[in-house]
Amino acid sequence: MSLAVTYETLQCSVGRFLGYDRDPGAWSEDEQADVEEVIAKGLRQFYRPPRLPSERESHQWSFMRPIGSIEITTGVGDYDMPTDFADLDGDLYYVQAELSPHRIRTVHEGRILELRQRNYYAQTATHPREAAIVPKKGDGTAATIYQLLIWPLPDADYTLQFKYFARQQMLTDAADIPLGGSEHAETILASCLSAAESFLDDERGNKYQEFMDQLAASIDFDRRANSPSTLGYMGDCSDRRSE
């Protein structure tokens, strides 16, 4: 049995806090809308948490920085990034063993456009060395999609890997477990209840403080779980004999 908080448990907990019937099936359309609004706010607050008083900046969850991949093909320079892509976390790397020492450096899109214009007729296709991320023009009906621009144009098909900041969509009956899973279940629940408290009282109260306490524990766990067990050799080689 999973201990992760689910969409259903969040609905029931938030509904009870707002004073609604314990059975979500008995809610009115307005009550259902209230619960959805509160859960969405609570999830946003958890995914992009406030800065703890002891910290200089807000925490970035490790589970929201997955490794993605993309296939690039001969002669093509523009590619759509994954739909949950929000931003790169570093550069792009080749999967192919023969190119493993190489990476594609990320630059401003203006440089890519300038390089393409300057070398449009003269460029020789090879493995790409520079890339930029730009948002595609949207129409307001869906989340922003980002596009990868690379230069030079690839001379063959390659697979690129990259770490990126992911965004999470609203939970549904089909996709009902928020990012973070059971390790952060109490913090996710506390965030949604603090959002419900703010919805009712239009101010932060005890539930927000409970969320902040849970948040501190979750951040500590996230850091410990994703810290290397060793930092490697830290000596200065002074005890080695010269050859």
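Start by selecting Ser194, which sits in helix H4. You're looking at a predicted model, so treat each stop as a computed picture. Is Ser194 buried or exposed? At 4% relative accessibility, Ser194 is under the 20% cut-off and therefore counts as buried.

Next, show what surrounds Ser194. Beyond its neighbours within four places in sequence, Ser194 is in contact with Gln45, Lys207, Tyr208 and Phe211. Zoom in on Gln45: its side chain and that of Ser194 are joined by a polar contact of 2.9 Å. Then try Met212, 18 residues along from Ser194 in sequence, with 9.6 Å between the two C-alphas.

Now colour the largest nonpolar core, a set of 30 residues. Those with the most contacts inside this core are Leu10, Val14, Leu18, Val35, Ile39, Leu43 and Leu215. Helices H1 (7–18), H2 (29–47), H4 (185–201) and H5 (206–225) are the elements that each give two or more residues to this core, and H4 supplies the largest share, 8 residues.

Setting aside residues up to four places away in sequence, Leu43 touches Leu10, Met170, Leu171, Pro178, Ile188 and Cys192.

Last stop: the cysteines. Select Cys192, which is buried at 0% relative accessible area, then Cys12, also buried, at 19%. How many disulfides does the model have? The count comes to 0.

Note on methods: Residues are numbered from 1 along each chain as its sequence is written. This is a predicted model: local features need pLDDT of at least 70, side-chain atom pairs count only at pLDDT 80 or more; totals for chains, interfaces and linings use all residues. Side-chain values use heavy atoms; hydrogens and water are left out. A nonpolar core is a set of buried Ala, Val, Leu, Ile, Met, Phe, Trp, Tyr and Cys residues joined through side-chain atoms within 4.5 Å. Buried means under 20% relative accessible area, exposed over 50%, partly exposed in between (1.4 Å probe, protein chains only). Helices (H or I, at least four residues) and strands (E, at least two) are DSSP runs, numbered from the N terminus. Contact means heavy atoms within 4.5 Å. A disulfide is a pair of cysteine sulfur atoms within 2.5 Å. A polar contact is a pair of N or O atoms within 3.5 Å; within protein, one must be able to donate a hydrogen and the other to accept it, and residues adjacent in sequence count only if both atoms are side-chain atoms.
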